[in-house]
Amino acid sequence: MQSPLPVRDGVNATRLRLPEEGPWDTAMDYMMHRWGHIDPQGIEDRFDAGEIVGEGGIPLDRSTPLRDHTFIWYYRTLPPETRLPVELSILHQDHHLLVVDKPHFLPTTPGGTYIQESALVRLRNQLDLPDLIPMHRLDRMTAGVLLFSTNPQTRGNYQVLFEKRQVQKEYECVSAAEPAPGHPAVDFPVVVRNRMTKSRSYLLAEVVDGEPNAETRIERLETFDGGGPAGAAGSGGSGAGGRRLARYRLEPHTGKTHQLRVHMASLGLGIVNDAFYPHLLDKAPDNYAKPLQLLARGIRFVDPISGRPVEYRSALELSEVLPARP
């Protein structure tokens with residue numbers, strides 16, 4: 001359902017579904033029930049100013065009955081954010097698509113404590129493209145190629161490609177050259193298949209019994225000596241010093257949350273600087289000197305508008321690889 005309110009400062013208006021019945025006579029009564037303990041005066045002021053609207057952009061007031069609207073829209077009051085010390089770079093832009101290199105630490109879309117400091121909002125504001133929408137997502141800690149639709153009229157053409165898995169993605173990561181103790185040796189290339197599930201209430205994705213729904217092809221590209229402080233690559237959040245490292249190509253055939261991180265960890269090859277897998281580490285401030293060594297290297301598909309094969313490649317390099325290259 002399209003919002004009757006335009007994007008403001010790069011951020012969409014929030015949509016709220018009103019209950020069909022309950023002990024609330026008005027829409028404002030229900031909002032007070034939900035958020036009155038946070039900012040009751042602010043809610044009243046918004047209704048008085050006509051800043052909360054229903055279907056068709058009709059402004060609500062304090063007396064608007066609850067049953068008059070199924071959905072209402074309003075702009076949230078956003079807290080100030082400290083700008084993250086990372087930058088996006090544009091790889092391609094045309095009338096239909098925007099392709100960027102997303103840095104580590106920057107989320108794809110607004111959420112939690114990151115609203116203005118998301119790739120979507122930054123780009124909407126920077127390029128004055130309020131209709132910009134991501135075609136897929138990268139984890140906040142993953143860098144690399146990210147596609148956005150710039151044209152609502154052709155957006156569906158690209159969405160179909162992702163829905164039908166007609167988009168080929170290639171990632172790179174750095175991990176130990178050999179599996180951690182207790183894991184068997186791996187004969188590369190290897191295909192990892194299992195069944196994964198991810199609950200919104202739990203940080204980690206889990207492997208469970210059942211029909212496989214996640215598949216990744218993994219190939220080892222090169223090995224090199226790790227640098228940095230002493231640590232054990234392959235254990236969650238560790239450094240890379242003192243161990244032989246390798247660069248891997250990852251080709252996911254499905255797109256489950258944290259799929260690549262889980263599949264590498266399942267081989268005893270947890271990605272360098274991964275604070276989640278194979279072991280969840282205590283939450284700590286972002287360490288910009290130690291990004292997760294996972295990069296969305298490339299994406300390719302047949303463009304539905306031109307009918308031609310296209311490929312977009314990241315210009316970034318993983319920091320653990322850079323010292324190993326002349």
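**Exercise 1. Find the distance between Arg217 and Glu251 in their salt bridge, and say which strands they join.**

Step 1. Apply the rule: a salt bridge is a side-chain nitrogen of Lys or Arg within 4 Å of a carboxyl oxygen of Asp or Glu. The side chains of Arg217 and Glu251 pass, at 3.6 Å from N to O.

Step 2. Arg217 belongs to strand 10 (residues 214-225) and Glu251 to strand 11 (residues 244-252), so the pair ties together parts 34 residues apart in sequence. Strands (E, at least two residues) and helices (H or I, at least four) are DSSP runs, numbered from the N terminus.

Step 3. Arg217 has a relative accessible area of 26%, so Arg217 is partly exposed. Buried means under 20%, exposed over 50%, and partly exposed in between (1.4 Å probe, protein chains only).

Step 4. Look at the network. Salt bridges link Glu170, Arg217, Glu219, Arg249, Glu251, Glu311 and Arg313.

A note on the source: this is a predicted model, where local features need pLDDT of at least 70 and side-chain atom pairs count only at pLDDT 80 or more, while totals for chains, interfaces and linings use all residues. Residues are numbered from 1 along each chain as its sequence is written, and side-chain values use heavy atoms, with hydrogens and water left out.

**Exercise 2. Describe the salt bridges Arg297–Glu172 and Arg83–Glu87, and state whether their residues are buried or exposed.**

Step 1. Arg297 and Glu172 meet at 3.0 Å, N to O. Arg297 sits in strand 12 (residues 294-302) and Glu172 in strand 7 (residues 168-176), so this pair ties together parts 125 residues apart in sequence. Both Arg297 and Glu172 are buried.

Step 2. Arg83 and Glu87 meet at 3.2 Å, N to O. Arg83 is partly exposed at 49%. Glu87 is exposed at 53%.

**Exercise 3. Describe the lining of the second largest pocket.**

Step 1. Define the term. On a 1 Å grid over the protein atoms alone, with a 1.4 Å probe, a pocket is an open set of points with protein on both sides within 12 Å along at least five of seven lines; lining residues have an atom within 4 Å of a point.

Step 2. Count the lining: 15 residues, with Trp35, Ile38, Arg46, Arg76 and Thr77 nearest the centre. Helix 1 (27-35) and helix 2 (40-48) are the elements that each give two or more residues. Helix 2 gives the most, with three.
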